[in-house]
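This report treats selected elements of secondary structure and the contacts among them. The sequence and the structure come first.

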Amino acid sequence: MEQSRAVKVVQECQVSPAEEGTTSMSLPFTFFDVLWLRSPPVDRIFFYEYQNSTSSFFDSVLPNLKHSLSLTLQHFLPLAGKITWPLDSSFPIINYVPGDAISFTVAESNYDNFNHLCSNFCEVVELHPLIPHLPTSHEQASVLALQVTLFPGSGFCIGIASHHAVMDGKSSILFLKAWAYACSKLLEESSFLTLPEHLTPFYDRSMIEDTTGIGARYVKDWLNLGGPNNRSLKVLNFGNTISNEATKGSFELTSSHIQKLKQHAQSELKINGRLSTFSVACAYVSQCLVKTEQPKTKGVAFTFSVDCRSRLDPPIPSTYFGNCIVGHRFMDETHKLLGNEGFINACEGLNEALKRLEDGVLNGALTMYTLMQFARDNRILSIGGSPRFEVYSVDFGWGRPKKVDMTLIGETAAFSLSESRNDSGGIEIGLVLNKSEMEAFSSHFFQGLKSL
């Protein structure tokens, strides 16, 4: 499928925060934000069933989406702003001034492939036209772009591209849930929206204390990359190109599968306490991926993000808007993950890495420099998303999503996790592989579950 023919762009417009009560706003980067300064955008696609007429969509659904977005942005002004790095500022900043807006694209699919895209497997090139472009340059970077694509008679999807340096996954989903809340209330006549406390962003950066100088080290790394004093904001090319034949796959670990994996790991490891769902899910997927890829490197490094909001001293509100995550990892020799004990070895490594967090969440946190060092000699596996985000609860008033996808995980060598759309307590795994690798991964994944 040629990307230029997949969808027809109907509108390209800008949506700004509703004017009432909006003023300029500037947010300084914290050390949590700086780490992600030139990372690729984070994307998600939410698919919703909608079988009413095309005219009904354009006359009702689309205006409600736009209006509720404008109202929601009153509370999320940084999303309409720009990232800059002035010469007189040691850290980048996010600036919003009245009149700033986000890019909002409306498109219509030229193919009747809604149900196919919502299935467990599809070609990645079929998803790319549904994701908006997020502009970045050396001088400034946009924060958020949105695209709504209609599949006449079947449904529509909302594609999101967001800048990781402005918000982590938890903040991104907070915004989407606030937008969905506003839209479901259908507040066409209101000029201001009051959000419930659990959906109201918290912006106080003074609560983020950098007592060890992590931010200064991050800034130094960026300035020296192609520097000296390189303040470019342009996204870096991490070298992970996706083939046009690549496949996006979704797999499910049901609550029953997870319980069996936990029992198996507990019996082999003889550890005190319970293994987390996160540990066994990531260990199982990592083992299947290593068996699929047969990496030639001596080691495999699994990197994962930890939400620090409740782990800081003092803790900060769960609605803090920005980045409040750090990267941690465990490493193992490749051959230990290839054998029959691969799952157990991965479980043990992950469990030990999670235990180390008790010594302080910032101790041993990954930096860009250390991550690039690991990548030279090891296969890096990383993770995007979290079941705790509850992406399948994002309901704009037309029902819960039929499918939620992340596609750019293929460019960052990651797999994604979310709660299962089918099973309470289950986990949904998303990953991008070429066709032969996807077939091999599927075989390892399902055969392993049968043997439990």
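## Helix contact

In this predicted model, Leu 261, His 264, Ala 265, Glu 268 and Leu 269 of helix α8 meet Phe 343, Ile 344, Cys 347 and Glu 348 of helix α11, where contact means heavy atoms within 4.5 Å. The residues of this contact divide into six nonpolar, one polar and two charged; Ala, Val, Leu, Ile, Met, Phe, Trp, Tyr, Cys and Pro count as nonpolar, Asp, Glu, Lys and Arg as charged, and the others, Gly among them, as polar.

Helix α8 (residues 255-269) and helix α11 (residues 342-356) pack at an angle of about 80°, with their axes 10 Å apart, which makes α8 roughly perpendicular to α11 (65 to 115 degrees). Axes are lines fitted to C-alpha atoms over the stretch in contact, and angles run from 0 to 180 degrees between N-to-C directions. Helices (H or I, at least four residues) and strands (E, at least two) are DSSP runs, numbered from the N terminus.

## Strand β14

All seven of the seven residues in strand β14 (residues 378-384) are buried, that is, under 20% relative accessible area with a 1.4 Å probe, protein chains only. Strand β12 (residues 299-307) runs parallel to β14 and is joined to it by five bridges, with Thr 303 opposite Ser 382. Strand β16 (residues 414-419) is also parallel to β14, through three bridges, and there Ile 383 stands opposite Phe 415. Strands pair if DSSP finds at least two bridges between them.

## Basis of the values

Residues are numbered from 1 along each chain as its sequence is written, and side-chain values use heavy atoms, with hydrogens and water left out. Local features need pLDDT of at least 70, side-chain atom pairs count only at pLDDT 80 or more, and totals for chains, interfaces and linings use all residues.

Technical notes
Angles under 35 degrees count as roughly parallel, over 145 as roughly antiparallel, 65 to 115 as roughly perpendicular and the rest as oblique. Buried means under 20% relative accessible area, exposed over 50%, partly exposed in between (1.4 Å probe, protein chains only).
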